[in-house]
Amino acid sequence: MTYAVNGQTTKAARMVEFFLSYCVDRRGRILYRQGYWQTYGFSASEIGTILWAINRYEKVMEPRGFIKHYMDKIRALANFMLSKIVEPEELSGISVIRTCAEADTNERVHDYLQNTLWGIRGLTAVAELMEKYGGEAEPYAEAVAKLKDSVDKICNDLKMDSRFGELVPFRLDYTPMPLNFSNCKLSTAYINSAIINRYRIIA
């Protein structure tokens, strides 16, 4: 989207066209290889960011309205995110988007809050694009409303006070204030071989 911001609107449109034509399959999966466990190692955060950016900048790209020819891929990306919405057993009445956090750790599929937050932005963008170009916006708008309510509940129920202010967990089954991040300036136990062995990769 840098091209769009810098006024190279036609080149920006060509980049979006190329991505949607050759880098996204009909099932809404981004086609690139990262890691050993998944061929499609992308997160909902990536999809959400892409959809948000397309909606934000397509109105200035040339030719105007070009994106309407790629709404099938836009819809596929959004539907992939919808397929990843789950209700964690440990949290009643909560819906989140469950994917990996990033391509480099794509085998670690958990309930990362960032995926739900970017999913909300991406699905909101798709609902707006559908309204603009004559598609069905309601399924995406309904998902956004449900996810927003869930995020509000997560932030209210799972937040904790800290010397950094209020914190929420980056992953739902993780503490809001992990020792290896928020308390990194505090003293820790001496690292011995027993502790190191807990993190050793077993071939």
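This report describes the fold, the nonpolar core, the aromatic pairs and a few individual residues of a predicted model.

**Overall architecture**

The protein chain contains seven helices and six strands, and, read along the sequence, these elements follow the pattern α-α-α-α-β-β-β-β-α-α-β-β-α. Of the 203 residues in the protein chain, 40% are buried, while the accessible surface comes to about 12300 Å², with 53% of that area belonging to carbon and sulfur atoms. Among the contacts with a separation of 6 or more, 57% are accounted for by residues 24 or more positions apart.

**The largest nonpolar core**

The largest nonpolar core has 42 residues, and the members that touch the most other members are Leu20, Ile47, Met61, Ile74 and Leu123. Two or more residues are given to this core by each of helix H2 (9–22), helix H3 (44–57), H4, strand E2 (96–97), helix H5 (113–133) and helix H6 (138–158); H5 gives the most, with seven residues. Apart from its neighbours within four places in sequence, Leu20 is in contact with Ile54, Ile67, Tyr70, Lys73, Ile74 and Leu77.

Leaving aside neighbours within four places in sequence, Leu82 is in contact with Leu123, Tyr140 and Ala143. Leu82 and Leu123 are 41 residues apart in sequence, and their C-alpha atoms are 8.7 Å apart in space.

**Aromatic pairs**

The count of aromatic pairs comes to six, and two of the pairs are set out below.

| Pair | Geometry | Centre to centre | Angle between planes |
|---|---|---|---|
| Phe18 and Tyr22 | tilted | 5.0 Å | 45 degrees |
| Phe42 and Phe80 | tilted | 5.1 Å | 50 degrees |

Phe18 and Tyr22 both lie in helix H2, four residues apart, which is about one turn of the helix. Phe18 counts as partly exposed at 48% relative accessibility, whereas Tyr22, with a relative accessible area of 58%, is exposed. Elsewhere, ring pairs link Tyr112, Phe170 and Tyr174 into a cluster.

**Thr99 and its surroundings**

Thr99 lies in strand E3 (residues 99–100) and counts as buried, because its relative accessibility of 6% falls under the 20% limit. The side chain of Thr99 makes a polar contact with the side chain of Asn115, at 3.0 Å. Not counting residues up to four places away in sequence, Thr99 touches Ser43, Ala44, Lys84, Arg108, Val109, His110, Tyr112 and Asn115; this list includes Tyr112, which is also part of the aromatic cluster with Phe170 and Tyr174.

**A cis peptide bond**

Most peptide bonds are trans. The bond from Glu62 to Pro63, however, is cis, with omega near 0 degrees, and Pro63 lies in the loop between H3 and H4.

Terms used: Residues numbered from 1 in each chain as written. Predicted model: local features only at pLDDT ≥ 70, side-chain atom pairs only at ≥ 80, totals over all residues. Heavy atoms only, no water. Buried < 20%, exposed > 50% of the residue type's maximum accessible area, 1.4 Å probe, protein only. Polar contact = N/O pair within 3.5 Å; in protein donor to acceptor, adjacent residues only side chain to side chain. Contact = heavy atoms within 4.5 Å. Core = buried A, V, L, I, M, F, W, Y, C linked by side-chain atoms within 4.5 Å. Areas by Shrake-Rupley, 256 points an atom, 1.4 Å probe, with all protein chains shown as cover. Phe/Tyr/Trp six-rings, centres within 6.5 Å; stacked < 30°, edge-to-face > 60°.
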